[in-house]
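Welcome, and please take a moment to look over the sequence and the 3D view. The report below walks through them step by step.

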Amino acid sequence: MLDQTGSLVFTQGTSFAAPLALRGICELAACLGPGRADAATLRAFATHFAARRPRGHKVRDLGHGRLPESYEAAWECQEHEVTLVYRDALARGEATAMRLP
């Protein structure tokens, strides 16, 4: 952000973070393509790839962490690592086994 003199000022807060988070989510939606970028899938990606603080705060109190500005790194996994997205609905308290491809 720039102050009245045109100097760069660092700040924080949801008013400043929301446009950056939305930009990343829009980029992700474009990469996933039509029919795959529903709200639940985008929310799952955002939650999974959020950078958590090491302090151990409660998610209920402070949220899931800092959302990435870009999800480009989500497409590249480390060796012996994979990210799968399953789309289904479960009732509260219900559990099911999922087959890995």
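Pro 19 sits in helix H1, and its C-alpha atom is separated by 9.5 Å from that of Glu 69, which is 50 residues away along the chain.

Before going further, a word on the model: it is predicted, local features need pLDDT of at least 70, side-chain atom pairs count only at pLDDT 80 or more, and totals for chains, interfaces and linings use all residues. Residues are numbered from 1 along each chain as its sequence is written, and side-chain values use heavy atoms, with hydrogens and water left out.

**The chain as a whole**

The chain has 3 helices and 0 strands, and its pattern along the sequence reads α-α-α. Helices (H or I, at least four residues) and strands (E, at least two) are DSSP runs, numbered from the N terminus. Of the 101 residues in the chain, 14% are buried. The accessible surface comes to about 8800 Å², and 55% of it belongs to carbon and sulfur atoms; such areas come from the Shrake-Rupley method with a 1.4 Å probe, and for residues only the protein chains shown count as cover. Among contacts with a separation of 6 or more, 41% join residues 24 or more positions apart, where contact means heavy atoms within 4.5 Å.

**The core and its neighbours**

Which residues make up the largest nonpolar core? It has 8 residues: Ile 25, Leu 28, Leu 32, Leu 42, Phe 45, Ala 46, Tyr 71 and Ala 74. A nonpolar core is a set of buried Ala, Val, Leu, Ile, Met, Phe, Trp, Tyr and Cys residues joined through side-chain atoms within 4.5 Å. Helix H1 (14-32) and H2 are the elements that give two or more residues to this core. Leaving aside neighbours within four places in sequence, Ala 46 is in contact with Ile 25, Leu 67 and Tyr 71.

Thr 41 also belongs to helix H2. Thr 41 is buried, with a relative accessible area of 5%. With neighbours within four places in sequence set aside, Thr 41 is in contact with Leu 32, Arg 36, Val 85 and Arg 87.

**Aromatic rings**

The structure holds 2 aromatic pairs. One of them joins Phe 45 and Trp 75 in a tilted arrangement, 5.9 Å centre to centre with 50° between the planes. Phe 45 lies in helix H2 (residues 39-48) and Trp 75 in the segment after helix H3 (59-62), so the pair ties together parts that are 30 residues apart in sequence. Rings of Phe, Tyr and Trp (its six-membered ring) pair if their centres lie within 6.5 Å; planes under 30 degrees apart count as stacked, over 60 as edge-to-face and the rest as tilted. Phe 45 is buried at 6% relative accessible area, whereas Trp 75 is partly exposed at 44%. Ring pairs link Phe 45, Phe 49 and Trp 75 into a cluster.

**Places linked across the sequence**

The table lists two C-alpha separations.

| Residues | Separation along the chain | C-alpha to C-alpha |
|---|---|---|
| Gly 65 and Thr 47 | 18 residues | 7.9 Å |
| Asp 38 and Arg 87 | 49 residues | 9.9 Å |

Gly 65 lies in the segment after H3 and is partly exposed, with a relative accessible area of 35%. Not counting residues up to four places away in sequence, Gly 65 touches Ala 50 and Ala 51. Asp 38 is found in the loop between H1 and H2 and is partly exposed, at 30% relative accessible area.

**Out on the surface**

Is His 80 buried or exposed? At 78% relative accessibility, His 80 counts as exposed. His 80 lies in the segment after H3 and has a positive phi of about 65° although it is not a glycine. Most residues other than glycine have a negative phi.

Met 98 is found in the segment after H3 as well, and at 38% relative accessibility Met 98 counts as partly exposed. Together with Val 82, Leu 84, Tyr 86 and Leu 100, Met 98 forms a nonpolar patch on the surface, with about 500 Å² of accessible area together. Patches are made of residues with over 30% relative accessible area and no salt bridge; like charges are joined within 9 Å, and nonpolar side chains (Val, Leu, Ile, Met, Phe, Trp, Tyr) within 5 Å. A salt bridge is a side-chain nitrogen of Lys or Arg within 4 Å of a carboxyl oxygen of Asp or Glu.

Definitions and conventions:
Buried < 20%, exposed > 50% of the residue type's maximum accessible area, 1.4 Å probe, protein only.
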